[in-house]
Structures are given as structure tokens and as C-alpha cells.
Amino acid sequence: MPQVLERAEGCWAWVVLLASLVTQGLTLGFPTCTGIFFTELQHEFQASNSETSWFPSILTAMLHAGGLGMCFSFQSSITVLGFYFHHHRALANALASVGVSLGITLWPLLSRYLLEDLGWRGTFLVFGGVLLHCCVCGAILRPVATSVAPETTEEAPPPPSKAPAPGCLAACGRAIQRHLAFDILRHNAGYRVYTLGVMWMILGFPLPHVFLVPYAMWHGVDEHRAALLVSIIGFSNIFLRPMAGLVAGRRDFAGHRKYLFSLAALLNGLTNLVCAASADFRVLVGYCLLYSVSMSGVGALIFQVLMDIVPMDRFSSALGLFTVLESVSILISPPLAGLLLDTTDNNFSYVFYMSSFFLISAALFMGGSFCALQKKERPGKPAEAEGAITEVPSEQGLMVEDSRGSKKQLYTEVMYVTSV
């Protein structure tokens with residue numbers, strides 16, 4: 001029985017957007033509550049800071065690299081937005097990332113409440129049931145039909161190759177190379193700069209989420225008020241991320257979103273210096289509000305910039321390699337910070353200095369590299385990324401222009417199936 005295909009920019013696209021919002025809240029928002037359990041797990045297992053840090057490290061790394069089930073949920077929900085939205089893609093990504101903000105707001109409060117009544121084991125059991133709602137969201141991600149009309153010019157078929165059929169190992173190597181976008185990593189300089197920059201940035205970005213609550217409790221802040229700090233960050237992002245998406249979606253900023261992302265990362269690193277200066281609760285509340293502004297820019301733009309750099313027909317494989325490499329940094333970062341705590345007699349200020357260093361240096365690297373790449377490009381030169389296409393709006397519909405300058409009209413006869 002043939003599948004019913006949905007139209008891009010149609011009514012069902014907004015239902016998919018809602019499903020993506022909920023999915024990101026359940027998956028990407030979940031690791032932010034691990035700081036609530038940090039002290040409890042440390043006391044339960046009599047572990048050091050570096051040993052306990054492996055808990056949020058492995059959880060978040062596997063979420064991005066392809067394990068625990070959550071990776072398949074959030075990656076598919078992000079990829080499908082690129083096919084359902086063309087004109088409002090930046091806004092759609094920002095609105096979907098509001099789910100992360102909701103997760104950051106609600107997960108810590110729910111964790112603190114359940115931890116007191118059920119303990120950490122009972123709390124994790126309840127969380128397993130809550131995360132099953134990702135299955136409902138996945139059922140909403142129907143296939144979407146987009147297409148490119150065939151070219152009018154006819155080309156002679158290539159002559160049959162006389163080379164022997166490749167072996168199984170070579171075929172597997174080529175399949176891995178294509179599906180994990182190693183070819184894009186080699187040939188697309190913008191993707192290479194962005195991936196390396198985000199990998200370096202991630203060494204510092206998740207540290208406040210993990211260590212803010214233990215830092216506040218170490219300096220005498222009540223555990224409920226300490227958990228409230230993370231919720232303040234999430235609640236502020238509910239309103240700030242759509243605003244960031246509206247700004248990034250303006251036509252004036254379409255070619256400068258990568259610079260806006262670099263600026264957001266720079267500001268994020270600078271605000272961590274405020275947290276290192278004082279552990280007073282009022283100062284920490286102010287830090288959370290400042291941190292939320294820059295975090296909203298990072299969260300709203302991180303996947304949109306990737307969509308700008310690589311063509312949408314290769315986005316899923318580019319996203320796969322991007323998150324796998326990102327997970328390496330996530331795996332290293334919290335244990336490295338925990339080791340720093342153990343060697344400095346629980347001086348949490350060094351953790352936030354470490355976070356600032358990685359964020360600021362990554363922002364400067366990405367901003368400077370993108371400027372250098374832009375100066376290298378000649379005016380009017382078509383995109384050289386492999387398979388890259390440029391979207392050109394017209395009154396008749398969405399047109400695409402390839403590297404040879406020929407235009408093609410989008411139809412619905414040929415389709416990309418984005419879910420199974």
C-alpha cells in the first residue's frame with residue numbers, strides 16, 4: 001500500500017514542528033538535569049569528581065553519537081524540519097529548539113521532586129516511562145515529498161566499466177564514507193571549519209549545565225534554589241530562542257548566520273567569567289540570565305548554520321558525522337573538568353575559566369576562518385561544495401540553481417522519504 005506523502009510548508013509541517021519541539025525537550029533537554037544527581041551519586045558510590053563526571057559525560061556523548069535510543073529520536077526530528085520547511089527554516093529550527101528550553105526548565109524541577117520521594121533509582125525508572133513519549137512523536141514524522149524536475153538535455157550513458165567489481169571491504173568503506181559525509185568533510189572547507197570549531201567549543205559549552213548546581217551547593221546555596229538556577233536558564237530560553245530565530249531568519253542576516261553563531265559562542269564564554277567571580281545566589285541568578293541570552297543564540301543557530309553550509313540532500317549524513325565528532329568532545333569535557341576539581345581541592349572557579357577558554361577560542365577560530373574563506377571566494381563564484389545547491393525564490397515556486405547555472409523547478413513526482 002503506497003505511503004501518503006505530505007507537502008512541504010503545509011499544515012502538517014506545523015504538527016511535525018510540534019513533534020520536533022517535544023522530542024528535543026525529552027532528549028536534548030534531559031542531560032541538563034544530571035547536575036541534580038551529581039552530589040547524590042557521588043555520595044552513593046563514594047566517587048571522586050572525575051569519576052562521577054563520567055555519568056553525564058557518557059550519557060550526553062552517546063546521545064549525540066548514536067546510542068541510548070535518544071539519538072535516533074532527536075536527529076530524525078531535526079533532519080525532517082529541513083525538508084518540511086524552506087522559506088521559514090530558520091524560524092522552524094528556533095521554535096523546535098524551544099523544546100530544549102522547556103526541557104531545561106522542567107527536567108531539573110521534576111528531578112528534585114522525584115529524588116526526594118523515590119531516590120535516584122526510582123526517579124530514573126519514572127524517566128524511562130516519560131521518554132517513551134518519543135515513540136508518539138516519531139509516528140508523526142511522515143514522509144515529505146519534494147523533487148527536482150529532470151533536465152531537458154539528454155546525456156549518453158557512460159560506457160560499461162571493465163574494472164572488476166569492488167570487494168566487500170571496499171564497498172563498505174565507500175558506504176561509510178558517504179553516509180557519514182567524509183567526502184563533504186574533505187571537500188567543503190566551511191563544513192570542516194564549522195565541525196572543528198564546534199568540537200572545540202563543546203569542550204567548554206556543557207560544563208555549566210553539569211557543574212552549576214554542585215558549585216552553588218558547595219558554596220552553601222540550598223539544593224532547591226540551586227536546582228532553580230538551571231530552570232531559570234531554561235525558562236529564559238523559551239522566549240529568547242524564538243527571538244533569535246526571528247532575527248536569524250531575516251533576509252539581511254541570511255549570509256551572516258555563521259558569524260552570529262560565532263558571536264553567540266564568544267558571549268557565552270565571556271558570561272562564564274561572571275559565574276567564576278562570585279557564588280552569591282543573586283549573582284548566580286544574574287549570571288543565568290546573561291548566560292541564557294548567548295545560549296539562545298547558540299541553540300537556535302547550531303543546526304541552521306549546518307543547513308546553510310551543506311546541501312539538504314546530504315544534511316542527514318553531514319549531521320551524523322557532525323554529532324559523532326561532537327560526542328567525542330562531550331565525552332572528554334566533564335571528566336576533564338572533574339579531574340581539574342580533584343587537583344584544585346574543589347575550586348569550581350577553574351571549571352568556569354576552562355569553559356570560557358574553550359568557548360572564546362572556538363568563537364575566534366570560527367569567525368576568523370569564515371572571514372578568510374569568504375575573502376578567498378571570488379565575487380559571483382558559484383558554490384563549490386560537492387552537490388551544493390542555491391535556493392532562488394520565484395513567483396512560480398521554489399527554484400534550485402546548480403553549479404552549471406541551469407535552473408530546475410521543484411515538483412512532487414520525485415520524492416525524498418525522510419522517515420520510515
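Trainee: Which helix gives the most to the lining of the second largest cavity?

Mentor: This is a predicted model, in which local features need pLDDT of at least 70 and side-chain atom pairs count only at pLDDT 80 or more, while totals for chains, interfaces and linings use all residues. Residues are numbered from 1 along each chain as its sequence is written, and side-chain values use heavy atoms, without hydrogens and water. A cavity is a set of points on a 1 Å grid over the protein atoms alone where a 1.4 Å probe fits but cannot get out, and lining residues have an atom within 4 Å of a point. Helices are DSSP runs (H or I, at least four residues) numbered from the N terminus, and the one that gives the most here, with 3 residues, is H11.

Trainee: What volume does the second largest cavity have?

Mentor: Its lining consists of Ile104, Pro208, His209, Leu212, Val230 and Ile233. A volume is the space filled by probe spheres set on the points, which are joined across faces, edges and corners. For this cavity the volume is about 40 Å³.

Trainee: Which residues are closest to the centre of the largest cavity?

Mentor: The largest cavity holds about 560 Å³ of space. Of the 33 residues that line this cavity, the closest to its centre are Leu28, His64, Val100, Phe205 and His209.

Trainee: Which helix supplies the largest share of the lining of the largest cavity?

Mentor: Several helices give two or more residues to this lining, among them H4 (54–65), H6 (89–131) and H14 (281–309). The largest share, 7 residues, comes from H14.

Conventions:
On a 1 Å grid over the protein atoms alone, a cavity is a set of points where a 1.4 Å probe fits but cannot get out, and a pocket is an open set with protein on both sides within 12 Å along at least five of seven lines; lining residues have an atom within 4 Å of a point.
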